[in-house]
Amino acid sequence: MDAWQYLLVLACCVLITLPLEFVLRARVYRRWRTLLAAVLPVAAAFALWDAVAIARGHWWYSPRYTTGALLPGALPVEEVAFFLVVPLCGLLTYEAVGTALGRLRRGDADA
Amino acid sequence: MPEYTIATGLACLGVVLAELLWARTGLFRTAQYWASLAIVFGFQVLVDGWLTKLADPIVFYAPERILGVRFPLDIPVEDFGFGFVLVTAVLIRWERAKKRQTS
């Protein structure tokens, strides 16, 4: 199981933020086209940054806690997953906070 | 100055300038953004702290490529700039797309 540890951490992030879609009406997954359009170019830019950083020896990954599956640029699949999962969690947080602030401003905390 | 430090600094500057001079979504003037950023940073400490813990790291950093300031936990401070740029860039694109759809 060790090899899956990095991916499991990311899976936890997805699971923990999933309720925000419904409970605080984030509606991020529902707007999946907008979601993809917002995230994919940024994820691509970060994948490039990551590949350059790996090539220049800024950082490297534990062979024990990663699957070892590499994409072009010696990029672990976990890193690409990171660049998709973190923005997703960020958007869910942002929209959930928007809903919460809206309720506070209207004074209907029970709604 | 170490390379990761420079890269992060430039990326932070880039995303702030992109918002102020080009995208102009008004994101930086909203409580929604700053509250979200605070929450995201809170969770970043947990997740990134786990990834970078020196006792048993998932991600290793070359000491000569970072400032060497690792706080809180063992997180290289540069990672907070990295996270700020990643999340802020996506939120700017998200807000732009939303505005385009409603206008």
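User: How many residues of chain A are in contact with chain B, and what makes a pair count as a contact?

Analyst: In this predicted model, local features need pLDDT of at least 70 and side-chain atom pairs count only at pLDDT 80 or more, while totals for chains, interfaces and linings use all residues. Residues are numbered from 1 along each chain as its sequence is written, and chains are lettered from A, with ligands numbered from 1, in the order in which they are written. Two residues are in contact if their C-beta atoms, placed from the backbone, lie within 7 Å; by that test, 28 residues of chain A are in contact with 25 residues of chain B.

User: Which helix of chain A gives the largest share of that side?

Analyst: H4(A) does, with nine residues, a helix being a DSSP run of H or I of at least four residues, numbered from the N terminus.

User: Why are H1(B) and H3(B) called roughly parallel?

Analyst: The axes of H1 (residues 3-23) and H3 (residues 78-102) of chain B come within 9 Å and cross at roughly 20°, where axes are lines fitted to C-alpha atoms over the stretch in contact and angles run from 0 to 180 degrees between N-to-C directions. Angles under 35 degrees count as roughly parallel, and therefore H1(B) is roughly parallel to H3(B).

User: What does B:Val90 contact beyond its neighbours within four places in sequence?

Analyst: B:Val90 is in contact with A:Ala38, A:Val39, A:Val42, A:Pro87, A:Gly90 and A:Leu91. B:Val90 is also among the residues with the most contacts inside the largest nonpolar core, which has 49 residues; such a core is a set of buried (20 or more other C-beta atoms within 10 Å of the residue's own) Ala, Val, Leu, Ile, Met, Phe, Trp, Tyr and Cys residues joined through C-beta atoms within 7 Å.

Notes:
Helices (H or I, at least four residues) and strands (E, at least two) are DSSP runs, numbered from the N terminus. Angles under 35 degrees count as roughly parallel, over 145 as roughly antiparallel, 65 to 115 as roughly perpendicular and the rest as oblique. A residue is buried if 20 or more other C-beta atoms lie within 10 Å of its own, exposed if 12 or fewer, and partly exposed in between; C-beta atoms are placed from the backbone.
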